[in-house]
Amino acid sequence: MNHSLHFLRRAIHSPGHQVDWHSHPIHEIVYYQTGTGTTQFDHTLYRYEPRTFAVLPADSSHNEQTDTQTDVMFFCFDYDPCLPLLAPGLYKDHSGGVFYWIGQIHRELTCRNSHSDEAVRCYLGLLLIEVLRLTGTRTDVSGNKQTLYAAKYIEQYYNQKIQLNQLADICGYSTDHFRHVFKEENGMTPTQYIRNIRIDKSKQMILEQGDKNLTAIALDCGFASLSQFGSVFKQLTGQSPSGFAKGLAGAAIDGSNPGGPG
């Protein structure tokens with residue numbers, strides 16, 4: 001398994017402590033060894049308690065509010081894309097296995113004996129297997145579950161370069177068969193699905209930021225250039241990105257709500 005740990009840290013937060021909204025460009029797991037409080041991410045407010053852990057995908061914005069003193073460990077890591085996606089959420093460490101492997105990693109990082117880096121990679125792999133088991137994610141998916149995995153992969157990594165042959169290989173299909181099965185399940189080809197996801201994300205960004213930096217929005221949504229972004233946007237929406245932004249601005253001035261209830 002191709003994983004790598006970026007950092008692992010421990011903190012003790014006093015009652016009433018707040019962690020403001022923030023995100024990381026890589027995956028993160030936050031383990032609450034003791035304490036109670038709330039954490040919010042993925043549009044959901046969760047209440048944590050001792051021996052629970054939060055799974056946060058890359059670029060997932062989250063915060064935290066403690067009710068009681070909380071002993072927390074958190075670590076960020078690169079995740080092997082060949083494995084099933086880590087489902088975001090707050091989970092209970094029923095067997096204590098996640099905490100055990102975190103402890104092994106912490107010991108190696110603290111002692112720094114010979115071959116510690118190799119040990120950390122192995123322990124991280126075992127930890128993530130335990131997380132997959134606890135979150136109910138299976139590696140032996142079949143049938144339309146494979147295309148569901150592919151769709152979720154695209155939704156998570158839409159801003160990166162996605163190779164269809166690699167995605168097909170992960171799902172156990174040839175590229176042609178993968179394209180055929182994916183279209184049957186989703187009503188569009190994988191390429192069309194990627195483009196639609198990227199355009200939907202760009203619309204949201206334009207809604208939040210306007211058209212002052214369309215180049216940045218294009219790159220953030222996985223397009224190679226502003227011209228490619230503009231071409232695909234117009235093809236799917238019938239208007240340019242700047243025209244879409246002006247329409248939003250005009251609707252705001254008129255007091256209307258485009259796309260919302262009348």
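The mean positions of the 22 positive and 26 negative charges of this protein lie 3 Å apart. Here Lys and Arg count as positive and Asp and Glu as negative, with His and the chain ends left out; each charge is placed at NZ of Lys, CZ of Arg, CG of Asp or CD of Glu.

A word on the model itself: it is predicted, so local features need pLDDT of at least 70 and side-chain atom pairs count only at pLDDT 80 or more, while totals for chains, interfaces and linings use all residues. Residues are numbered from 1 along each chain as its sequence is written, and side-chain values use heavy atoms, without hydrogens and water.

Now for the overall build. The protein has 9 helices and 9 strands (DSSP runs numbered from the N terminus: H or I of at least four residues for helices, E of at least two for strands). Its C-alpha trace spans about 60 × 50 × 35 Å along the principal axes. Of the 262 residues, 43% are buried, meaning under 20% relative accessible area, with exposed over 50% and partly exposed in between (1.4 Å probe, protein chains only).

Let's turn to one loop. Between α1 (97-111) and α2 (116-134) you will find Arg112, and His115 sits in the loop between these helices too. Most residues other than glycine have a negative phi. Arg112, however, has a positive phi near 50 degrees, and His115 has one of about 65 degrees. Arg112 counts as partly exposed because its relative accessibility is 47%, whereas His115, at 60%, counts as exposed.
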